Amino acid sequence: MPVSIYEVVWIFLVYAFLGWSLEVAFAAFHSGEFVNRGFLNGPICPIYGCGVLLVVVALTPLQQNVFLLFLGSFVLTSAIEFITGFLLEKLFHNKWWDYSERKFNICGYICPLFSVLWGLGCTLVLKVFHPIIYKGIRLLPKLPGAIILAVFCIVFAVDLSITVASILKFNERLRLLDEIAGKIKVISDEIGENIYGGVSVAVEKGGELKENIDIKATELKESVDIKAAELKESVDIRAAELKESVDTKAAEWKNNRQEKKTERARLQQEYNRLLKENVSFGMRRLMRAFPRMKSIAYQETLLKWKGYWMEKRRK
């Protein structure tokens, strides 16, 4: 059991580093390459440090009872994973891991399989590894240990600030991409409606002309000799008026459609620029570290963005 803040912080950092190492080894086993799987840029995973530290503080009295130790580890670590996932989603509007495809998951934050692995892992740590690690911390001279700890804490704080800034920029880029994509869709719909409106006007005016001609033709049949010249002139005038109206509408429709096409092309160019524009190291690392990450508001845009950068990296 830690007896001071000094020991608590050391335990947190040691297990945060060991957890990060485990995540990297797991990713390397599956992908055959190094992937920094931590939330931060540095080689630590805070959730592992918090999880093991809580288990050490709360469950050391149960160390002799393996079943209770496992059960307590199972419950505590699952609670930490759930709370961490929930808070990260609410703070940054992204779901950093998702177990929704696994059976009996709870909100996608936790699932029985990984909770059991957490429980077994913490039981093994507390029974086998922690006594050795804790002994090493106690043997470390206080002054050098305190200096090393202070340096690590400063680096940790800086890293956390950089990571938060990267996430905020990441979300802002997603927002801009999604906003432009929405405008492109609206303009495309307007162009389609414009085409439909132009055709409808032409059909409507053509119907009016045909109806006028039919009416005049009927009248002509009734009094051909008397009204022939007068009615012919009236039909010609009406036809000219309708033609002028159709031509005016067609010109307006054509100009409007061209303006919409120009605006759509400009927006598409801006969208492609944002999509392909170089992103910071932090943004690229986050996309690689959390391949199952989901955006609460911009998931479709996130998938396109991730797909582009993953394809570019493969090339």
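Figure 1. Among contacts in the chain between residues at least 6 apart in sequence, 74% link residues at least 24 apart. The model is predicted. The chain holds 8 helices and 2 strands. Their order along the sequence is α-α-α-β-α-α-α-α-β-α. Of its 315 residues, 35% count as buried. The chain exposes about 18,900 Å², and 66% of that area comes from carbon and sulfur atoms.

**Figure 2. Helix 1 and the residue that follows.** Helix 1 covers residues 5-31, 27 residues in all. From first C-alpha to last, helix 1 reaches 38 Å. That is close to the 39 Å expected at 1.5 Å a residue.

**Figure 3. Helix 3 from end to end.** Helix 3 runs over residues 66-92 and has 27 residues. At 1.5 Å a residue it should span 39 Å; the end C-alpha atoms are 38 Å apart, so the two values agree. Asn-65 caps the N-terminal end of helix 3. A side-chain oxygen of Asn-65 lies 3.2 Å from the backbone nitrogen of Phe-67. At the other end, helix 3 is followed by His-93.

**Figure 4. Buried residues of helix 3.** The buried set contains Leu-69, Gly-72, Ser-73, Thr-77, Ser-78, Ile-80, Glu-81, Gly-85, Leu-88, Glu-89 and Phe-92. An α-helix has 3.6 residues a turn, so residues three or four places apart point the same way.

**Figure 5. A nonpolar patch on the surface.** Phe-67, Leu-68, Leu-71 and Val-75 make up the patch. Together they have about 370 Å² of accessible area. Phe-67 belongs to helix 3. Its relative accessible area is 57%, over the 50% cut-off, so Phe-67 counts as exposed.

**Figure 6. His-93 in its loop.** His-93 sits in the loop between helix 3 and strand 1 (94-95). His-93 is not a glycine, yet its phi is positive, about 60°.

**Figure 7. Phe-104 in its loop.** Phe-104 lies between strand 1 and helix 4 (112-139), in the loop. Phe-104 has a positive phi of about 60° although it is not a glycine. Its side of the account is simple: Phe-104 is exposed, with a relative accessible area of 72%.

Definitions and conventions
Residues are numbered from 1 along each chain as its sequence is written. This is a predicted model: local features need pLDDT of at least 70, side-chain atom pairs count only at pLDDT 80 or more; totals for chains, interfaces and linings use all residues. Side-chain values use heavy atoms; hydrogens and water are left out. Helices (H or I, at least four residues) and strands (E, at least two) are DSSP runs, numbered from the N terminus. The expected span of a helix is 1.5 Å times one less than its number of residues. Buried means under 20% relative accessible area, exposed over 50%, partly exposed in between (1.4 Å probe, protein chains only). A polar contact is a pair of N or O atoms within 3.5 Å; within protein, one must be able to donate a hydrogen and the other to accept it, and residues adjacent in sequence count only if both atoms are side-chain atoms. Patches are made of residues with over 30% relative accessible area and no salt bridge: like charges are joined within 9 Å, nonpolar side chains (Val, Leu, Ile, Met, Phe, Trp, Tyr) within 5 Å. Accessible areas come from the Shrake-Rupley method with a 1.4 Å probe; for residues, only the protein chains shown count as cover. A salt bridge is a side-chain nitrogen of Lys or Arg within 4 Å of a carboxyl oxygen of Asp or Glu. Contact means heavy atoms within 4.5 Å.
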